[in-house]
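Subject: Handing over a structure

Hi there,

Here is the structure I promised to pass on. Please open it alongside this email, and then read on for what turned up.

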Protein chains: 2
Amino acid sequence: MSVYQRLTEQFARIATLNEAAAMLGWDAAAMMPAGGGVARGEQISTLAGLAHELLTRPALADDLAAAAPAGDEWQARNLELMREAQQRATALPRRLVEARVLATNKCEMLWREARPASDFAAVRASLEEVFALTREAAGILGETFGLSPYDALMSQYQRGIGAADVAPVFTNYELFLQKALPAAEERQRRRSHETLPPGPYPADIQEALCRRLAQDAGLDFAHARLDRSAHPFCGGTPTDVRITTRYDEMDPLSAICGVLHETGHALYEQNLPRDHRRQPVGEAAGMAAHESQSLIVEMQAVRSDAYLSYLAPFLSQAFARPVNEAALKRRLLHVERSFIRVEADEMTYPAHVILRFRLEQALISGDLAVADLPGAWNDGLAALLGITPPDDRQGCLQDIHWYDGLVGYFPSYTLGAMAAAQLMAAARLAVPDLDKAFASGDLSPLVTWLSTHIHRHGSRFGFNELLLAATGEKLNPAAFETHLTARYLA
Amino acid sequence: MSVYQRLTEQFARIATLNEAAAMLGWDAAAMMPAGGGVARGEQISTLAGLAHELLTRPALADDLAAAAPAGDEWQARNLELMREAQQRATALPRRLVEARVLATNKCEMLWREARPASDFAAVRASLEEVFALTREAAGILGETFGLSPYDALMSQYQRGIGAADVAPVFTNYELFLQKALPAAEERQRRRSHETLPPGPYPADIQEALCRRLAQDAGLDFAHARLDRSAHPFCGGTPTDVRITTRYDEMDPLSAICGVLHETGHALYEQNLPRDHRRQPVGEAAGMAAHESQSLIVEMQAVRSDAYLSYLAPFLSQAFARPVNEAALKRRLLHVERSFIRVEADEMTYPAHVILRFRLEQALISGDLAVADLPGAWNDGLAALLGITPPDDRQGCLQDIHWYDGLVGYFPSYTLGAMAAAQLMAAARLAVPDLDKAFASGDLSPLVTWLSTHIHRHGSRFGFNELLLAATGEKLNPAAFETHLTARYLA
């Protein structure tokens with residue numbers, strides 16, 4: 001067996017352990033009785049510990065050092081990503097890893113109490129500890145990979161994109177928003193005020209039609225399931241994707257949009273390159289890339305005029321009550337300054353991300369003390385959206401991310417939204433009659449194009465290289481602004 | 001950390017991996033889309049491989065050799081069982097283990113085609129290979145543990161019980177059956193011929209009441225789930241037990257009895273000693289012991305006059321049609337000579353086991369050639385029950401066990417049935433008003449007694465020692481014969 005073959009076997013073994021952990025994570029959210037929680041945590045952490053052991057074995061490091069430069073482009077990239085994964089696993093001292101696990105577990109637990117009580121003081125000391133440890137880890141990872149501490153954190157979620165790439169994009173968007181948002185609000189006031197028929201919309205009917213819409217969007221249910229969980233997500237593995245949602249009987253569109261969002265993620269996983277299954281190069285290209293795939297389905301395709309013209313009669317029939325297109329648009333294409341990120345519309349959502357991007361950079365650099373976070377949050381939101389949260393529950397306590405040690409993740413959401421607009425513009429040019437297909441509920445021409453230009457590349461390219469190959473340009477936020485202008489200002 | 005503590009940590013880690021594999025096995029049977037099968041097989045075999053690696057590490061062997069004799073009885077037994085597990089894992093050469101996996105996979109695949117076609121010739125050569133490899137493994141395990149080859153196979157499923165314990169019990173039962181069966185058949189002819197109301201009995205209603213009956217039997221659904229699968233089983237882990245069943249809308253009693261059977265297994269798992277969780281000594285005492293717990297619920301308690309007097313009006317109400325006690329008894333307490341083991345009643349079931357026990361001993365010793373199995377099967381069944389299968393589908397092709405490499409397992413079923421009768425007799429003496437509780441659908445006094453005398457002992461005792469402690473006697477088949485006589489001949 002060649003050194004490279006031996007490496008692929010080891011990485012496949014590690015990936016297989018991670019698959020097992022992913023299935024157990026899905027089960028914990030969608031199936032597990034409450035009493036199984038403690039044992040499940042131990043099962044998942046045992047699997048993670050073994051995967052880490054396999055990744056940090058000296059024999060693996062020896063093989064990585066000995067592996068000959070590969071002639072094949074995929075192999076060369078795979079080796080590069082193997083080395084990166086191995087370096088990431090060995091960079092942090094065990095003491096620090098364990099201290100972070102303890103600190104984030106404790107902090108998340110305190111946050112679960114502090115958020116509903118809007119009591120930042122109750123979690124402040126614990127969050128300080130989390131940021132101190134995260135800063136230490138960021139410094140070590142930065143040295144290992146030749147990055148700034150904050151960029152080292154970002155690169156955990158989206159390789160090859162740093163603060164210097166993101167900052168100007170965000171600054172420009174802030175300028176765009178200052179003009180676009182009031183204009184969109186003004187235009188909105190003049191729109192029809194039709195509403196959806198009142199509920200309830202039975203959960204079982206919602207579930208059946210979510211399944212149907214996901215299938216029509218291209219999801220292969222021989223390799224997927226749709227279930228219910230408190231927080232919707234896409235989990236599982238490429239040949240057995242598990243998506244979840246929750247059903248609100250007063251609002252069917254929440255589950256429909258949620259399921260189509262997760263379907264976008266799921267299609268990416270299902271169409272990853274099979275020849276490179278369980279290899280680093282065969283994985284999705286990062287979280288911004290992943291988010292672009294959920295958002296191109298949920299925001300670009302499903303909210304298009306063409307698709308909504310299909311969806312309105314489809315829903316009318318399924319629920320046996322009149323759902324008209326104007327009411328759908330009013331509900332799904334509504335812009336509003338609000339406090340909660342996860343409920344924000346696509347125009348104001350980036351403001352929430354920009355706020356967090358700036359604050360987490362300052363928290364990592366030490367320019368902002370955790371104690372000053374609530375004030376800085378409120379000032380920042382006021383500057384971006386002109387509104388001030390009435391309490392920390394609707395301010396700096398709303399997201400789990402930081403309290404769980406996730407720093408550097410937020411930009412992925414908006415990079416994904418921007419990339420989705422850029423990809424849709426390219427797809428519209430490349431694929432004739434895309435909107436004609438949308439008008440009959442058929443997303444397959446889009447999915448085929450995405451599969452060819454994004455999914456099947458796995459992690460062969462970085463985020464910008466992927467966009468360059470697919471659209472002829474690196475990330476260019478102009479497409480997103482054009483999209484918003486057409487949808488909300490035209 | 002003491003040597004013993006280090007050992008318990010290692011064994012807990014191995015058990016945690018096995019828990020993860022158990023959950024994935026449940027998911028494969030109850031949830032997984034068909035397309036996930038290949039990856040799932042790889043996930044489970046990766047976990048098994050890692051558990052085997054951990055169990056065969058030289059450091060573990062060193063610790064086992066160095067561990068001081070424990071003062072505490074539980075610790076001493078745990079060490080003994082740790083050594084046994086480690087010896088079992090290291091005894092067989094890797095070549096043999098891998099050859100058996102390949103041979104049994106292939107043989108099971110051929111069997112899946114051969115059974116419906118009743119074509120023994122199609123699987124014969126493959127079964128010969130399975131038995132040759134099983135015989136080789138049995139020889140090595142026998143040498144390791146100082147047992148005969150067949151006893152070494154039996155001990156994989158029920159430690160401490162060998163052919164010499166079982167053979168006289170079975171010979172006696174055969175004599176009992178020769179008189180009891182014709183007498184029971186004669187008495188049956190004179191019984192009322194009332195029948196259950198015709199179906200369908202909706203699966204959803206069946207499921208709801210199976211859940212209710214399992215709960216009333218003591219199953220804690222904060223630590224358990226009930227789902228559907230093609231083949232009913234009890235899986236999962238002690239704090240998260242997963243039982244499954246299938247629903248036949250023309251016959252509600254099949255699912256009800258099935259779920260209560262699995263509930264018996266589940267109660268055993270839920271009540272294992274928590275202080276010894278994930279240690280060998282904390283596991284159930286073996287497959288015969290486990291089967292005694294499912295059968296004491298399904299056969300002893302649920303089919304008792306008292307419980308059936310509760311079940312009849314309960315079912316009448318749930319299905320809104322008259323289910324009378326006489327019809328229930330006629331359906332659930334019916335004796336019949338038949339070809340298929342899994343459909344057999346409790347009186348003839350042991351004959352099916354006795355047949356297999358004798359045949360598999362002869363196949364392992366070489367006294368019987370695989371080629372001669374169909375004839376020997378048919379002769380054996382004729383001698384035991386006076387009937388001859390019309391084809392091999394209803395003869396030696398009916399069970400998956402041998403084709404899957406499971407040899408030495410069958411006696412557990414009947415040892416379990418006999419132990420269940422013995423335990424019920426002891427419980428009736430020890431617990432006042434047991435049948436009064438059954439008559440109100442309440443199994444808790446029985447479960448409490450079982451929990452104290454069986455469940456909470458884990459693997460502290462062997463099968464016979466467990467029965468001795470619980471009932472004052474080692475396995476004594478007299479209680480089973482007394483039970484059958486009272487139920488079918490009185």
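This is a predicted model: local features need pLDDT of at least 70, side-chain atom pairs count only at pLDDT 80 or more; totals for chains, interfaces and linings use all residues.

Residues are numbered from 1 along each chain as its sequence is written, and chains are lettered from A and ligands numbered from 1 in the order in which they are written.

Back to B:L175: is this residue buried or exposed? B:L175 is exposed, because 9 other C-beta atoms lie within 10 Å. (A residue is buried with 20 or more other C-beta atoms within 10 Å of its own, exposed with 12 or fewer, and partly exposed in between; C-beta atoms are placed from the backbone.) B:L175 and B:L384 are 209 residues apart in sequence, yet 9.5 Å apart in space from C-alpha to C-alpha.

**The sheets**

In chain A, an open sheet of 3 strands is ordered β1-β3-β2, with mixed pairing. Its edge strands are β1 (224-228) and β2 (234-237) of chain A, each pairing on one side only. From one strand to the next the twist averages 20 degrees. Strands pair if DSSP finds at least two bridges between them; β2(A) and strand β3 (residues 240-245) of chain A run antiparallel and are joined by 4 bridges. Helix α10 (residues 252-270) of chain A lies across β1, β2 and β3 of chain A, at about 165 degrees to β3(A). (Axes are lines fitted to C-alpha atoms, for helices over the stretch in contact, and angles run from 0 to 180 degrees between N-to-C directions.)

In chain B, strand β3 (residues 240-245) is mostly covered, with 6 of its 6 residues buried. On one side of β3(B) are B:D240, B:R242 and B:T244, and on the other B:V241, B:I243 and B:T245, all buried. Strand β1 (residues 224-228) of chain B runs parallel to β3(B), with 5 bridges between them, and B:D227 has B:T244 as its bridge partner. Strand β2 (residues 234-237) of chain B pairs with β3(B) in the antiparallel sense over 4 bridges. β2(B) and β3(B) form a hairpin with 2 residues between them.

**Where the chains meet**

How many residues of chain A are in contact with chain B? There are 29, in contact with 29 residues of chain B, where contact means that C-beta atoms, placed from the backbone, lie within 7 Å. On the side of chain A that touches chain B, the elements giving two or more residues are α1, α2 and β1 of chain A. The largest share, 8 residues, comes from α1(A).

Helix α2 (residues 37-55) of chain A and helix α1 (residues 3-30) of chain B pack at an angle of about 105 degrees, their axes 9 Å apart. α2(A) and α1(B) are therefore roughly perpendicular to each other (65 to 115 degrees counts as such). Among the residues that make this contact are A:E42 and A:T46 of α2(A), and B:R13 and B:E19 of α1(B).

Most residues other than glycine have a negative phi, and most peptide bonds are trans. A cis peptide bond joins A:G199 and A:P200, with omega about 0 degrees, and another joins B:G199 and B:P200, with omega about -5 degrees. A:P200 is in the loop between α8 (163-189) and α9 (203-216) of chain A.

A:R278 is not a glycine, but has a positive phi of about 65 degrees. A:R278 belongs to the loop between α10 and α11 (287-301) of chain A, and counts as buried because it has 20 C-beta neighbours inside 10 Å. In chain B, phi of B:S118 is positive too, near 50 degrees. B:S118 lies in the loop between α5 (94-117) and α6 (121-145) of chain B.

Terms used
Two residues are in contact if their C-beta atoms, placed from the backbone, lie within 7 Å. Angles under 35 degrees count as roughly parallel, over 145 as roughly antiparallel, 65 to 115 as roughly perpendicular and the rest as oblique.
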